[in-house]
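Student: Could we go through this model together, one question at a time? I would like to see how each answer is reached.

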Amino acid sequence: MFMANPPRERLVTKIHDKWYDLTEFERLHPGGPVALGLAVGRDATVMFESHHPFTHRRVLDAILERYEMDEPSSRHLTTLEEQHGIPEHQFHWKSEFGDALKLQVKEYFEAEATRRSASLTAATKAPMERWFEIAILVAISGPCFISFLRGNWISLLTFPLSIWVLGVNTFHDAAHFALHKNWRINCVMPYVFPFFSSPFVWYHQHNIGHHGYPNVDHRDPDLLHYYWLKREHRSVEWRSTHKMQRSVIFLVFWWMMAAEFGLATMNDLWMIFYKVYNDSVPMKLISGRRLLCHVAGRVLTIGMIHFWPFLVFDSWTRCVVFATVPYLWFSMLFMMNTQINHLIPEAAHEASEDWYKHQVSTAQDFGVKSRFCFLMSGGLNFQILHHLFPTVNHWHLVRLQPIVARLCEKHGVQYKHVAGYAAAVKAHHAHTVRMSFKDEEKN
Ligand SMILES: [Zn+2]
């Protein structure tokens with residue numbers, strides 16, 4: 001019989017209030033063991049539903065039935081969320097809107113599968129056209145990287161920009177298992193980009209936490225980044241320090257520090273130390289050896305990207321500048337593209353019990369007709385669509401947007417979108433200022 005905490009060597013998870021032991025299914029899971037591993041020990045209902053939108057329900061039910069645990073074995077089990085005192089949050093999954101979305105988007109991919117002579121799953125991943133785009137981005141990044149290693153001043157601007165564009169067009173899709181049908185490619189790709197977060201922490205922060213529960217207090221970790229300094233949500237208790245976020249200088253400083261110092265370094269350490277990411281996402285239980293490998297990998301990565309200039313350049317000025325400035329600029333790019341999609345006045349405090357409506361109401365798209373916005377954000381400008389279908393490669397989102405917008409209108413769900421970056425940043429700034437007041441309703 002299992003104890004209260006599921007044993008870490010078993011792949012035990014909870015879906016729709018039932019416990020399953022998927023250990024034997026690990027090698028059979030088409031999405032691979034890494035994707036399945038994200039569910040271990042936690043309530044994985046949201047990940048289960050959002051990661052299988054096109055699989056026939058009969059197939060899913062048959063698999064689950066095979067691995068369902070009997071009542072005596074699961075009676076005393078508790079989820080990681082329960083063990084860490086993280087409040088439960090349930091969505092409704094019977095949704096006319098959701099069914100219509102899945103049906104029409106599946107029709108698009110059936111046509112795409114025919115066009116590419118591929119399986120339905122393969123059709124949802126990157127087509128040749130997308131790989132061609134990625135190859136061009138690699139070709140642009142190469143010379144920028146060489147220029148950076150040679151210490152050319154202009155590369156301080158061009159190298160982080162080229163890596164951002166290449167990274168956001170590959171890392172993000174790969175981490176969502178959306179780049180390729182082969183799970184190994186999806187799992188290896190995120191390790192190519194040391195500027196970004198470690199994949200292990202990213203899966204917790206982004207896939208498990210943010211994607212499942214956008215703008216849900218105590219469940220979305222994006223609402224809780226250094227909340228004693230910056231307030232992103234009404235659920236965070238107001239402090240006098242939050243007045244600082246009215247200042248543009250403070251915001252620029254915040255954006256410069258957030259990605260490299262925050263996400264890639266301190267947040268990583270804190271998750272390892274507290275076993276929870278931002279008080280909202282419990283860390284997956286891993287062996288001591290695996291933990292040691294992770295810490296060693298992070299130390300090596302952070303050391304390498306910040307200290308190599310001191311081994312190469314004679315000038316101390318050049319050493320210090322090359323060890324810091326690229327990461328501040330990269331962080332700005334990261335924040336500019338990730339903060340403007342949910343943290344705006346019209347979306348920050350929206351909510352619905354219907355998961356599909358919740359994904360639409362808590363996000364905003366921008367520049368949906370702009371190729372520049374698409375490439376610069378890696379498709380994050382289709383945030384609503386990405387949240388509805390996280391395992392779909394971003395290349396398809398531009399084509400799916402009219403379908404989703406039409407269905408939103410038909411089902412009375414407000415589809416929010418603005419013209420481009422300027423309007424999106426302005427909306428995010430308005431939200432930030434609003435949250436700086438104790439009683440933000442009056443502002
Ligand atoms: Zn995402």
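Tutor: Gladly! One definition before we start: UniProt positions are given in the numbering used here, and annotations may be inferred rather than shown by experiment. Keep in mind too that this is a predicted model.

Student: Thanks! Which feature does UniProt place at residues 15-73?

Tutor: Over that span the chain is 46% helix and 8% strand, and its end C-alpha atoms lie 16 Å apart. The label comes from an unreviewed UniProt entry. That record gives the feature as "domain: Cytochrome b5 heme-binding".

Student: Which residues are the protein donors of the zinc ion?

Tutor: Look for atoms lying 2.1 to 2.2 Å from the zinc ion. The donor residues follow the spacing H-x3-H-x29-H-x4-H-x174-H in sequence.

Student: Is H211 buried or exposed?

Tutor: Buried means under 20% relative accessible area. For H211 the value is 5%, so H211 is buried.

Student: What about A174, buried or exposed?

Tutor: A174 lies in helix α10, residues 171-175. A174 and I185 are 11 residues apart in sequence, with their C-alpha atoms 7.6 Å apart in space. The relative accessible area of A174 is 0%, so A174 is buried.

Student: Now the open space. Which element gives the most to the lining of the largest pocket?

Tutor: This pocket holds about 820 Å³ of space. It has 35 lining residues, and H29, P30, G31, H51 and H52 are the closest to its centre. At least two lining residues come from each of β1 (12-15), α1 (32-37), α2 (45-51), α3 (57-67), α7 (120-123) and α11 (183-188). With four residues, the top contributor is α3.

Student: How many nonpolar residues does the lining of the largest pocket have?

Tutor: Domain 1 (12-69 + 78-83) and domain 2 (128-338) each supply at least three residues of this lining. By class, 12 of the lining residues are polar and two are charged. The nonpolar count is 21.

Student: How many charged residues are in the lining of the largest cavity?

Tutor: This lining draws at least three residues from each of domain 1 and domain 2. Eight of the lining residues are nonpolar and nine are polar. The charged ones number four.

Student: One last thing: how far apart are the end C-alpha atoms of residues 315-335?

Tutor: In an unreviewed entry, UniProt lists this span as a "transmembrane region", along with 131-148, 154-171, 248-270 and 291-309. Residues 291-309 are 100% helix, with end C-alpha atoms 29 Å apart. Residues 315-335 are 95% helix and 0% strand, and their end C-alpha atoms are separated by 31 Å.

Methods. Residues are numbered from 1 along each chain as its sequence is written. This is a predicted model: local features need pLDDT of at least 70, side-chain atom pairs count only at pLDDT 80 or more; totals for chains, interfaces and linings use all residues. Side-chain values use heavy atoms; hydrogens and water are left out. Donors are N, O and S atoms within 2.8 Å of the metal (3.2 Å for Na, K and Ca); water is not among the atoms, so sites may look incomplete. Buried means under 20% relative accessible area, exposed over 50%, partly exposed in between (1.4 Å probe, protein chains only). On a 1 Å grid over the protein atoms alone, a cavity is a set of points where a 1.4 Å probe fits but cannot get out, and a pocket is an open set with protein on both sides within 12 Å along at least five of seven lines; lining residues have an atom within 4 Å of a point. Grid points are joined across faces, edges and corners, and a volume is the space filled by probe spheres set on the points. Ala, Val, Leu, Ile, Met, Phe, Trp, Tyr, Cys and Pro count as nonpolar, Asp, Glu, Lys and Arg as charged, and the others, Gly among them, as polar. Domain bounds come from an automatic or database domain assignment.
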